[in-house]
Amino acid sequence: ESRIPDQGFANPGSAGHSASGIGEHAFTAASVRPMTPLGQFRNTFIIAVDDEGVAIIDQHVAHERVLFEQILEKLTAGRLESQRLLAPILVELAPAQRETLKGHAATLERMGIEIEEFGGDSVRLSAVPALLAPGECEAAVRALADDLEGLGAGAGADAALKRIAATTACHAAVKANDPLTPEKMNYILAELRRTAYSSVCPHGRPVVLRMTRREIEKNFQRI
């Protein structure tokens, strides 16, 4: 059985700090209370509350973290679910990018991505992870080529797999300016509690800013 040795390639301690210390350490479901979403701010941030205060959650970063964890969990059991494209997509790439993708073909296939050279400067994308929307496919391939090229020749298979998983999660996640239903907000917050590094996304960006009840009361001079 294949194992992913750790949960992400960003150091949780490297994330930005909030007023109450979010980002200083990894959280577990036991240490994060369930949050109730109140709504969105500018269709980009989820405003939520729990017994301890108010939280502002970046919806894209939070969903990216959730998807990244789900992808790694599925990969421990085999490969990611794939969907074949009815009409393969042709993507023009630089020679170095094409070689990079070719060198990681086996890892990409494990992620449910099938790419082959088509001739000239193009590659043909025939299958993608089922969680990836059709409109994100071409952008995801370009991002994968850039990200994998940045790993360098000495990077191991696990590092490449995590990089691909992070890029795929980023392109599959909800975006800024996406309106979310209450059900979707509840889902993201509930799944975020299950992640081992819920304070940061795979690229190290902070997920949540928080103000405790004590800080709110102090600012309003109630204590």
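This is a predicted model: local features need pLDDT of at least 70, side-chain atom pairs count only at pLDDT 80 or more; totals for chains, interfaces and linings use all residues.

Trainee: How many helices and strands does the protein have?

Mentor: Helices (H or I, at least four residues) and strands (E, at least two) are DSSP runs, numbered from the N terminus. Here there are seven helices and seven strands, and from the N terminus on they run β-β-β-α-β-α-α-β-β-α-α-α-β-α.

Trainee: And what share of the residues is buried?

Mentor: Buried means under 20% relative accessible area, exposed over 50%, and partly exposed in between, with a 1.4 Å probe and protein chains only. Of the 223 residues in the protein, 43% are buried.

Trainee: Which residues touch the most other members in the largest nonpolar core?

Mentor: In soluble globular proteins, nonpolar side chains tend to be buried together. A nonpolar core is a set of buried Ala, Val, Leu, Ile, Met, Phe, Trp, Tyr and Cys residues joined through side-chain atoms within 4.5 Å. The largest one has 31 residues, and Ile71, Leu101, Leu108, Met111, Ile113, Leu125 and Ile164 touch the most other members. Two or more residues come from each of α1 (59–75), β4 (82–92), β6 (122–129), α4 (137–151) and α5 (157–172). With seven residues, α5 gives the most. Apart from this core lies another, of 17 residues, including Met35 and Val66.

Trainee: How do I read two packed helices?

Mentor: Two packed helices are described by the angle between their axes and the distance between the axes. Axes are lines fitted to C-alpha atoms, for helices over the stretch in contact, and angles run from 0 to 180 degrees between N-to-C directions. Angles under 35 degrees count as roughly parallel, over 145 as roughly antiparallel, 65 to 115 as roughly perpendicular and the rest as oblique.

Trainee: So at what angle do α1 and α6 pack?

Mentor: At about 55 degrees, with the axes 9 Å apart, so α1 and α6 are oblique to each other. In α1, the residues making the contact (heavy atoms within 4.5 Å) include Ala62 and Val66, and those in α6 include Tyr187 and Ile188.

Trainee: What about α5 and its partners?

Mentor: The axes of α1 and α5 come within 8 Å and cross at roughly 135 degrees, so this pair is oblique too. Among the residues that meet are Leu67 and Ile71 in α1, and Leu161 and Ala165 in α5. For α4 and α5, the axes come within 10 Å and cross at roughly 150 degrees, which makes α4 roughly antiparallel to α5. In that pair, Leu144 and Leu148 are among the α4 residues that meet α5, whose own side includes Ile164.

Trainee: Last one: is Glu114 buried or partly exposed?

Mentor: Partly exposed, with a relative accessible area of 28%. Glu114 lies in strand β5 (residues 114–119). Leaving aside neighbours within four places in sequence, Glu114 is in contact with Arg84, Arg124, Leu125, Ser126 and Ala127. Glu114 and Leu125 are 11 residues apart in sequence and 5.9 Å apart in space, C-alpha to C-alpha.

Notes
Residues are numbered from 1 along each chain as its sequence is written. Side-chain values use heavy atoms; hydrogens and water are left out.
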